[in-house]
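Let's take a walk through this model, going from a turn to the charged pairs and then to the rings. Keep the viewer open as you read.

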Amino acid sequence: QVHLVESGGGLVQAGGSLRLSCAVSGRTVSVLAMGWFRQAPGKEREFVGAISRSGDNMHYGDPVKGRFTISRDNAKNTVYLQMNNLKPEDTAVYYCAVKGVTYHSGSYYSSPGQYDYWGQGTQVTVSS
């Protein structure tokens, strides 16, 4: 069983930065494809970014390209989402997710339905 715990959310002013963490237990992140999603009230869950199992292929949603960066620390079994130049429209609950089985180490996944395990989410609020 894979267990994910997000942390690092909070309240920040527009233009500020936050780093979210996703601590993984039950599996080693170095063999996992993972993703970050967000969901604002009344909206569908939105793709933020993903990292391939190989760890060298990242992909980002258009709203966050150039501002957000995913990284992975295999020693800490943790994946991070560095968020810079935050905007009020980035306000949402942020979730990390794990895809249980991948066939290609360089593949990333951008649809919520492709993931098998989810964290509980962490709230990010950006004030204007």
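**A walk through the model**

Asn77 lies in the loop between E7 and E8; strands (E, at least two residues) and helices (H or I, at least four) are DSSP runs, numbered from the N terminus. Before going on, some ground rules: this is a predicted model, so local features need pLDDT of at least 70 and side-chain atom pairs count only at pLDDT 80 or more, while totals for chains, interfaces and linings use all residues. Residues are numbered from 1 along each chain as its sequence is written, and side-chain values use heavy atoms, with hydrogens and water left out.

Back to that turn. E7 and E8 make a hairpin with 4 residues between them, and the two strands run antiparallel, joined by 6 bridges (strands pair if DSSP finds at least two bridges between them). Phe68, for example, has Met83 in E8 as its bridge partner. Asn77 has a phi near 50 degrees, which is positive in a residue other than glycine. With a relative accessible area of 15%, Asn77 is buried (buried means under 20% relative accessible area, exposed over 50%, partly exposed in between, with a 1.4 Å probe and protein chains only). Asn85 also has a positive phi of about 50 degrees without being a glycine, but Asn85 sits in the loop between E8 and E9 and is partly exposed at 43%.

Now for the charges. Side chains of opposite charge can pair when their charged atoms come close. Searching the whole structure turns up 4 salt bridges, each a side-chain nitrogen of Lys or Arg within 4 Å of a carboxyl oxygen of Asp or Glu. Asp90 and Arg67 meet in one of them, at 2.7 Å from N to O. Asp90 is in the loop between strand E8 (78-83) and strand E9 (92-99), and Arg67 in the loop between strand E6 (58-60) and strand E7 (68-73), so this pair ties together parts that are 23 residues apart in sequence. Both Asp90 and Arg67 are buried. Glu46 bridges to Arg38, with the closest N and O atoms 2.7 Å apart; here Arg38 is buried at 5%, whereas Glu46 is partly exposed at 30%. Arg38, Glu46, Arg67 and Asp90 are linked in a salt-bridge network. Another bridge joins Asp62 and Lys65, at 3.0 Å between the closest N and O atoms; Asp62 is exposed at 61% and Lys65 partly exposed at 45%.

What about the rings? The structure holds 5 aromatic pairs, meaning rings of Phe, Tyr and Trp (its six-membered ring) with centres within 6.5 Å; planes under 30 degrees apart count as stacked, over 60 as edge-to-face and the rest as tilted. The ring centres of Phe37 and Trp118 are 5.2 Å apart and their planes at 55 degrees, so that pair is tilted. Phe37 lies in strand E4 and Trp118 in strand E10 (residues 117-118), so the contact ties together parts 81 residues apart in sequence. Phe37 is buried at 0%, while Trp118 is partly exposed at 28%. Tyr115 and Trp118 form an edge-to-face pair, 6.2 Å centre to centre with 65 degrees between the planes. Phe37, Phe47, Tyr95, Tyr115 and Trp118 form one aromatic cluster.

Finally, look at where charge meets ring. Arg19 lies over the face of Tyr80, 4.1 Å from the ring centre, and the charged end of Lys99 sits over the ring of Tyr109, 4.9 Å from its centre (NZ of Lys or CZ of Arg must be within 6 Å of the ring centre and within 35 degrees of the ring normal).
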